[in-house]
Amino acid sequence: MKNYVQPGNTITLTAPYAVTSGGGLLVGSIFGVAAGDAANAETVEAALVGIFDLKKVASQAWSAGDKVYWDNTNKEATKTATANTLIGVATEAVAGGAGDVIGRVRLNASF
């Protein structure tokens, strides 16, 4: 197939803000998880699919299967849809206490 480019599981993006390895980044409607550290405007490899532990809103409890969104203002995952970008689904339940700041998310790639 002449027009095939790549599987698309990871792509190179220009970081819209400083990001650390394992951190989420949103470029337009493309959400990915950075494979390395990058300063603002530097290129970084980003995973678009897979299951990742991401920083989440501490005050939210999640159930497996909940839709997960990216809050680009606070740079964290949330189940609040309003003004946020859908990135995937929770794969495990997580409590909503102050110390519950990591959620496991299956990325759906960009829509």
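These legends accompany several close-up views of a predicted model.

The model is predicted, so local features need pLDDT of at least 70 and side-chain atom pairs count only at pLDDT 80 or more, while totals for chains, interfaces and linings use all residues. Residues are numbered from 1 along each chain as its sequence is written, and side-chain values use heavy atoms, with hydrogens and water left out.

**View 1. The four-stranded open sheet.**
Let's start with the sheet whose four strands follow the order β1-β4-β3-β2, with antiparallel pairing. Strands here are DSSP runs of E with at least two residues, numbered from the N terminus, and two strands pair if DSSP finds at least two bridges between them. β1 (10-14) and β2 stand at the edges with a single partner strand each, so one side of each is left without a neighbour in the sheet. On average, and with direction ignored, neighbouring strands of this sheet are turned by 50 degrees against each other; the axes are lines fitted to C-alpha atoms, and angles run from 0 to 180 degrees between N-to-C directions. The antiparallel strands β2 and β3 are joined by four bridges. To find your way along β3, look for valine 33, the bridge partner of glycine 24.

**View 2. The five-stranded open sheet.**
Here the order is β5-β9-β8-β6-β7, again an open sheet with antiparallel pairing. The edges belong to β5 (49-55) and β7 (76-78), each with a single partner strand, so one side of each is left without a neighbour in the sheet. Neighbouring strands of this sheet are turned by an average of 45 degrees against each other, direction ignored. Three bridges connect the antiparallel strands β8 and β9, and valine 89 stands opposite arginine 106 in β9. Valine 89 of β8 is also the bridge partner of lysine 67. β6 and β8 pair in the antiparallel sense over four bridges.

**View 3**
Buried means under 20% relative accessible area, exposed over 50%, and partly exposed in between, with a 1.4 Å probe and protein chains only. Three bridges pair β6 with β7 in the antiparallel sense, and tyrosine 69 has threonine 78 in β7 as its bridge partner. The two strands form a hairpin with four residues between them. In the loop between them you can pick out threonine 73, which is exposed with a relative accessible area of 69%. Lysine 75 lies in this loop as well, but is partly exposed, at 31%.

Most residues other than glycine have a negative phi. Lysine 75 has a positive phi near 55 degrees without being a glycine, and alanine 41 has a positive phi of about 75 degrees. Alanine 41 is found in the loop between β3 and β4 and counts as exposed at 53% relative accessibility.

**View 3. The aromatic pair.**
A search of the whole structure finds one aromatic pair. Phenylalanine 31 and tryptophan 70 form this tilted pair, at 4.9 Å centre to centre and with 50 degrees between the planes. Rings of Phe, Tyr and Trp (its six-membered ring) pair if their centres lie within 6.5 Å; planes under 30 degrees apart count as stacked, over 60 as edge-to-face and the rest as tilted. The partners are 39 residues apart, with phenylalanine 31 in β3 and tryptophan 70 in β6, and both are buried.

**View 4. Lysines over aromatic rings.**
The charged end of lysine 75 sits over the ring of tyrosine 17, 4.2 Å from its centre. Likewise, the charged end of lysine 56 sits over the ring of tryptophan 62, 5.6 Å from its centre. The criterion asks for NZ of Lys or CZ of Arg within 6 Å of the ring centre and within 35 degrees of the ring normal.

**View 5. The largest nonpolar core.**
This core has 22 residues, of which Leu25, Phe31, Trp62, Val68, Ile87 and Val105 touch the most other members. A nonpolar core is a set of buried Ala, Val, Leu, Ile, Met, Phe, Trp, Tyr and Cys residues joined through side-chain atoms within 4.5 Å. Strands that each supply at least two residues of this core include β4 (43-47), β6 (67-71) and β9 (102-108), and β3 gives the most, with three residues. Leaving aside residues up to four places away in sequence, valine 68 touches Trp62, Ile87 and Val105, among others; contact means heavy atoms within 4.5 Å.
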